[in-house]
Amino acid sequence: MSVTDRCDFRCVYCMAEEMTFLPKSSVLTLEELAHIGSTFVELGVRKIRLTGGEPLVRRGVMGLVTQLGRLEGLEELTMTTNGSQLVKLAQPLRAAGLSRLNISLDSLNAQRFRELTRTGDLDQVLRGIDAAKAAGFSSIKLNAVVLKGRNEDEVLDLVRYVLARELDLSFIEEMPLGAITEHDRASAFVSSESIRQIITSEYPLQPMLAQTALGGPSRYWQTPGHKSKIGFISPHSENFCATCNRVRLTVEGRLLLCLGNEHSVDLREIVRKYPNDRVALKAAIVASMDVKPERHHFDLDEEPQIVRFMNMTGG
Ligand code: SAM
Ligand code: SF4
């Protein structure tokens, strides 16, 4: 569930430098988000991830976390965040019922971090990661988008950083969501396989078994003697569609059945027409599963076919 399209960062692969954000009237209220979330759980969904934009810049998000955290039947409530607010919010989030955290970190070099995020402060995020570790989340995973010529040379540093702290790490191939001018996505592309080659120059990697049962896009590996899981999200090179069991709710209430396709169902229209009624909402959610596409088709050599930016999609 995306809880906002806004963000305090402007990462080069995610947003344009000048962004126009959604008007308040088209954004789901916190009550509508809670209503939709709890309806999914009544239908049997066991895991919800809150994302954005930056979920922690939405005023009142802690109340939403608390409400969702209490839902019976929800086994995992997680969040993907850029980490900028975690020094003060990690502990309250844990107390409110969030079980796991994903924190984005593309570079351990302060100047480069600033260039990639355009506004971010590395030290603040690193202190946020320490605060998350101290708060006792059941798992913390870092996400790194790797771009040729920008942070490809930091793959081993990032691996060392997570191994030393017993965190997990996923490397993500950049996806062509929204038109950006800052770099050419095709020439910045780094495949998961080439990242694995960099890692194995220092750390042997063994694929973890039974991971397809998780249904997520990451494929995990481990290096002997360490607890950390090293994952690869490879929408281009190692298509994960066959096991994908995810759907995404944009903050406008569009239920996207696939990150790389436009198939969607407008849930905002339903919750605004029948505010206290779950019958129509449940019927729409169940029917939407029939239009979940079989796979996505990303082509870096063509103009992006998906005009939504990642901050609109909910990564
Ligand atoms: N603001 C939060 C954050 O950065 O973690 C949550 C939202 S962000 C859109 C979620 C994830 O999507 C981040 O890990 C980010 O690196 C990733 N992301 C954004 N744009 C992307 C793109 N074009 N291709 C691949 N990953 C992308
Ligand atoms: Fe913001 Fe996350 Fe997008 Fe970066 S990746 S601009 S932190 S929403």
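A: Contact here means heavy atoms within 4.5 Å. The model is predicted, and every value below is computed from it.

Q: With that cut-off, which residues does serine 170 touch, not counting residues up to four places away in sequence?
A: Its partners are Lys141, Leu142, Asn143, Ala144, Ser218, Tyr220, Gly231 and Ile233. Serine 170 itself sits in strand E5, which spans residues 168–172. Four of the partners named, Lys141, Leu142, Asn143 and Ala144, fall in the range of strand E4 (139–145).

Q: Is serine 170 buried or exposed?
A: A residue is called buried when its relative accessible area is under 20%. Serine 170 has 0% relative accessibility, so it counts as buried.

Q: Which side chain makes a polar contact with the side chain of serine 170?
A: A polar contact is a pair of N or O atoms within 3.5 Å. Here the side chain of lysine 141 pairs with that of serine 170 at 3.1 Å.

Q: Where do N or O atoms of the protein lie 3.2 Å and 3.4 Å from ligand 1?
A: The side chain of glutamate 54 has an N or O atom 3.2 Å from a nitrogen atom of the ligand. The side chain of asparagine 143 has one 3.4 Å from a ligand oxygen atom. A polar backbone atom of methionine 175 is 2.7 Å from a nitrogen atom of ligand 1. On its own, ligand 1 has 540 Å² of accessible area, and the protein covers 96% of this.

Q: Which residues are around ligand 2?
A: The shell is made up of Cys7, Phe9, Arg10, Cys11, Cys14, Met15, Gly53 and Asn82. Its classes are five nonpolar, two polar and one charged. Gly53 is listed here and also among the residues that come nearest to ligand 1.

Q: How many residues does the largest nonpolar core have?
A: Such a core is a set of buried nonpolar residues joined through side-chain atoms. The largest has 85 residues, and Leu142, Phe171, Ile199 and Leu267 have the most contacts inside it. Helix H6 (residues 155–165) gives the most to this core, seven residues. Beyond its neighbours within four places in sequence, leucine 267 contacts Ile36, Phe40, Leu249, Gly253, Leu255, Leu281, Ala284 and Ile285.

Note on methods: Residues numbered from 1 in each chain as written. Chains lettered and ligands numbered in written order. Predicted model: local features only at pLDDT ≥ 70, side-chain atom pairs only at ≥ 80, totals over all residues. Heavy atoms only, no water. Near = heavy atom within 4 Å. Polar contact = N/O pair within 3.5 Å; in protein donor to acceptor, adjacent residues only side chain to side chain. Areas by Shrake-Rupley, 256 points an atom, 1.4 Å probe, with all protein chains shown as cover. Helix = DSSP H or I, 4+ residues; strand = E, 2+ residues; numbered from the N terminus. Buried < 20%, exposed > 50% of the residue type's maximum accessible area, 1.4 Å probe, protein only. Core = buried A, V, L, I, M, F, W, Y, C linked by side-chain atoms within 4.5 Å. Nonpolar A, V, L, I, M, F, W, Y, C, P; charged D, E, K, R; others polar.
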